[in-house]
Amino acid sequence: MKAVVLDPDDHYRVAELDEPTPGPGQVAIRVAYAGIQWGDTMVRDGHFPVQRPFVPGFEAAGHIAAVGEGVDAHRVGEPVTALTTAGAYAEVALAPAVLTSGIGDLPLRTAAGLGWGAPTAYDLVDTAAQVRPGDSVLIHAAAGSVGTLAVQFARLAGAGRIVGVVGNGRRADYAAQFGYDQLLLREEFPTRLGDERFDVILDPVGGSTRRTGLERLAEHGRLVAYGNLGADEPVLADTNDLLMQGTSLVTYNSNLLGRTHPERLADSVRRALDLVADGRVRVDITAEYDLADLGVAVQRLAEGATVGKSVLRVA
């Protein structure tokens, strides 16, 4: 089979490899499309150590070609979307059966766009932050795949005012189509907000942005940290100060959840999938690449040159 391999020198190449065989609890998927996500930049840059050469790719959509022990054989041929630990950038990929969800009539290309971003956005809004009707919400990285889904989930949860923060004007123009009430450039945060405070802040940035966010929480507000795009520096919070205002600093780690409680993550995948399938939430795929162009796609993502969701066409 054809697969993209990440070499020790950080270069991607298309190679011929043997097709993998599913083990207990796994399925083999004949991949049509694979989602491109921030984890790809982390692996390439060595932040997630892996043994190289390595077949990357964490989001696959296609048809189940074979199943391992303990998996219903009737699933063979089923169109699915799957969350993987590696290997999605190949003609055949392995995935845990529990994290492989049937998609019905949803197009495979759209299904690949859900990836880890859809359940993450759903959980940020409905599980971690528990957005309530009338809540004001601030979303950082508002033009990305998680941000553009999170604003839609927040609106469905009854949020009142939703503000997004983006890196530049082009990203602001793009994010505006998803229903934000206001969009700020990163350098305008928080000055342009005046004294405004928020019930919920979704923060994948970290560092000074996170410290400012904690100061911008309304009474009983919740800040959900789910990444460190901007800085790995620690952010210290005084629990006594939080207690006096009833505010909370919550963390969310979908990768960890997939390893410790995959059934919970799978439930969020299905809930997000249902909302996409019935047209209440839109996954916006803005770029499609061939296998040989994965390096270009990952570099564009790392540079902040992409908006929405990018996918790799495998078959």
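The model is predicted, so local features need pLDDT of at least 70 and side-chain atom pairs count only at pLDDT 80 or more, while totals for chains, interfaces and linings use all residues. Residues are numbered from 1 along each chain as its sequence is written, and side-chain values use heavy atoms, without hydrogens and water.

**Exercise 1.** Determine the strand order of the six-stranded open sheet and state which strands lie at its edges.

*Solution.* Strands (E, at least two residues) and helices (H or I, at least four) are DSSP runs, numbered from the N terminus. Two strands pair if DSSP finds at least two bridges between them.
1. The order is 10-9-8-11-12-13, with parallel pairing.
2. Strand 10 (182-185) and strand 13 (248-251) each pair on one side only and are the edge strands.
3. Strand 9 (residues 162-166) is joined to strand 10 by four bridges in the parallel sense.
4. Within this pairing, L184 in strand 10 stands opposite V165.

**Exercise 2.** Classify the ring pair of Y122 and F153 and locate both residues.

*Solution.* Rings of Phe, Tyr and Trp (its six-membered ring) pair if their centres lie within 6.5 Å; planes under 30 degrees apart are stacked, over 60 edge-to-face and the rest tilted.
1. By this rule there are two aromatic pairs.
2. The centres of Y122 and F153 are 5.6 Å apart and the planes stand at 85 degrees, so this pair is edge-to-face.
3. Y122 belongs to helix 3 (residues 117-128) and F153 to helix 4 (residues 145-156), so the pair ties together parts 31 residues apart in sequence.
4. Both Y122 and F153 are buried, that is, under 20% relative accessible area, against over 50% for exposed and in between for partly exposed (1.4 Å probe, protein chains only).
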